[in-house]
Amino acid sequence: MRDGDKLRLIGPAGAPFVVTVGPSFTAEYIEERLRTGEWRQPEDAPAAAPAQDQGDSGPGDGGDGAGPPDPRRPSVNDPKSVWIRYIVSLGHLSAEDAANYTKADLIEMAN
C-alpha cells in the first residue's frame, strides 16, 4: 500500500467507499481498521489500485485518473434496476440493500 493508492472498502455499516492512502488515511491507519474488522475489502476487489498521475487522464475514462472505464458500467441514463445489478456485480451490496439507495447514490458508489 503506497501513498496515492485508492482502495475500495466496505465500512462497518456495510456501505462501500473509496479511500486514498495519504496524510489523512495512512497505510498504518487503514491496515489497523482492516485488522480489527471495522473495514473490510469486497471479495472481488484488488488489494490496491496503483496511484495514477493526477493530470489530464484523457477522454472517456471518467477523468478520475483510474484508467479505462469498466465496459459493463451502465450509462447514467439507464434505469435504477440496471445500476442495482451493476453494483451487486461489483460486490458492493446485495440487491436488497442496493434497492434502498437512490440511483444517484448507486452511481456514486461505482466511482
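Predicted model: local features only at pLDDT ≥ 70, side-chain atom pairs only at ≥ 80, totals over all residues.
Residues are numbered from 1 along each chain as its sequence is written, and side-chain values use heavy atoms, with hydrogens and water left out.

Me: Why is His92 called buried?
Reply: Buried means under 20% relative accessible area, exposed means over 50%, and partly exposed lies in between (1.4 Å probe, protein chains only). His92 has 7% relative accessibility, so His92 counts as buried. His92 sits in the loop between α2 (80–89) and α3 (95–98).

Me: Which residues is His92 in contact with, leaving aside its neighbours within four places in sequence?
Reply: Contact means heavy atoms within 4.5 Å. On that basis, His92 touches Arg8, Ile10, Gly14, Pro16, Pro42, Ile87 and Met109.

Me: What makes Asp5 and Arg2 a salt bridge?
Reply: The term requires a side-chain nitrogen of Lys or Arg within 4 Å of a carboxyl oxygen of Asp or Glu. The closest N and O atoms of Asp5 and Arg2 are 3.9 Å apart, and the pair forms a salt bridge. Asp5, at 4% relative accessibility, is buried, whereas Arg2, at 52%, is exposed.

Me: How many salt bridges does the structure hold?
Reply: The structure holds three. Among them is the pair Arg33 and Glu38, with the closest N and O atoms 2.8 Å apart. Arg33 is buried at 15% relative accessibility, and Glu38 is partly exposed at 35%.

Me: How do you know that Arg35 and Glu32 are separated by about one helical turn?
Reply: Arg35 and Glu32 are three residues apart in helix α1 (residues 27–36), and therefore about one helical turn separates them. Their side chains meet in a salt bridge, at 2.7 Å from N to O.

Me: Why is Arg35 called exposed, and what is Glu32 called?
Reply: Arg35 has 61% relative accessibility and therefore counts as exposed. Glu32 has a relative accessible area of 31%, so Glu32 is partly exposed.

Notes: Helix = DSSP H or I, 4+ residues; strand = E, 2+ residues; numbered from the N terminus.
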